[in-house]
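Hi everyone, thanks for making time this morning. I'd like to walk you through one model, with the cut-offs stated as we go.

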Amino acid sequence: MLDGFKTFIMRGNVIDLAVAVVIGAAFATVVSALTEGILFPLIAAIFGEPDLTKVWAFKINGADFSIGLFLDAVLNFLLVAAALYFCIVFPMNKLAERRARGKEPEPAPVPEPNVVLLAEIRDLLAEQNRRA
């Protein structure tokens, strides 16, 4: 039973997932610092509110609406997505391209003989229909 657990834990995808969670938590602090230190003061300077969630907030029949709350969530999502793309995905894609340059492309699969024969028959029939 312990051997199976050890095999499960030592798989690459479990370790990759653990690393991703730790990196994601650390990255969240970077994005949080960016939003709280730069973007929210910029928003306060533009809209006169220190927090985006209070921008365009209104009340109808006792129900509170906040367009700024939605905008805040979208902004945070876009910041995290852009930072992940430019800091992790883009460099990894470039690294994969560099590694792939040294490899020869895989040869195209050879079709089966019956497929080649059927293609020849199709081409002959198409040529006969053009003549007619």
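I'll start with the ground rules, then take the core, the surface patch, the rings and the salt bridges.

This is a predicted model, so please keep in mind that local features need pLDDT of at least 70, side-chain atom pairs count only at pLDDT 80 or more, and totals for chains, interfaces and linings use all residues. Residues are numbered from 1 along each chain as its sequence is written, and side-chain values use heavy atoms, with hydrogens and water left out.

Let's begin inside. Which residues make up the largest nonpolar core? They are Phe 27, Val 31, Leu 39, Leu 79 and Ala 83, five residues in all. Helix H2 (12-47) and helix H3 are the elements that give two or more residues to this core, and H2 gives the most, with three. By nonpolar core I mean a set of buried Ala, Val, Leu, Ile, Met, Phe, Trp, Tyr and Cys residues joined through side-chain atoms within 4.5 Å. Buried is under 20% relative accessible area, exposed is over 50%, and partly exposed is in between, with a 1.4 Å probe and protein chains only. Helices are DSSP runs of H or I with at least four residues, strands are runs of E with at least two, and both are numbered from the N terminus.

Asp 72 lies in H3, which covers residues 67-101. Leaving out residues up to four places away in sequence, Asp 72 touches Phe 40, Leu 52 and Thr 53, where contact means heavy atoms within 4.5 Å.

Ile 88 is found in H3 and is partly exposed, at 34% relative accessible area. Ile 88 also belongs to a nonpolar surface patch of about 1,000 Å², whose members include Ile 15, Val 19, Tyr 85, Phe 86 and Phe 90. H2 and H3 are the elements that give two or more residues to the patch, and H3 has the largest share, nine residues. Patch residues have over 30% relative accessible area and no salt bridge; like charges are joined within 9 Å, nonpolar side chains (Val, Leu, Ile, Met, Phe, Trp, Tyr) within 5 Å. The areas come from the Shrake-Rupley method with a 1.4 Å probe, and for residues only the protein chains shown count as cover.

Next, the rings. The whole structure has three aromatic pairs. Tyr 85 and Phe 86 are edge-to-face, at 5.1 Å centre to centre and 80° between the planes. Tyr 85 and Phe 90 are tilted, at 6.1 Å and 50°. Ring pairs link Tyr 85, Phe 86 and Phe 90 into a cluster. Rings of Phe, Tyr and Trp (its six-membered ring) pair if their centres lie within 6.5 Å; planes under 30 degrees apart are stacked, over 60 edge-to-face, and the rest tilted.

Last, salt bridges: a side-chain nitrogen of Lys or Arg within 4 Å of a carboxyl oxygen of Asp or Glu. The count comes to four. Among them, Lys 94 and Glu 97 meet at 3.8 Å, N to O. These two are separated by about one helical turn, because they are three residues apart in H3. Another joins Arg 122 and Asp 123 at 3.1 Å, N to O.
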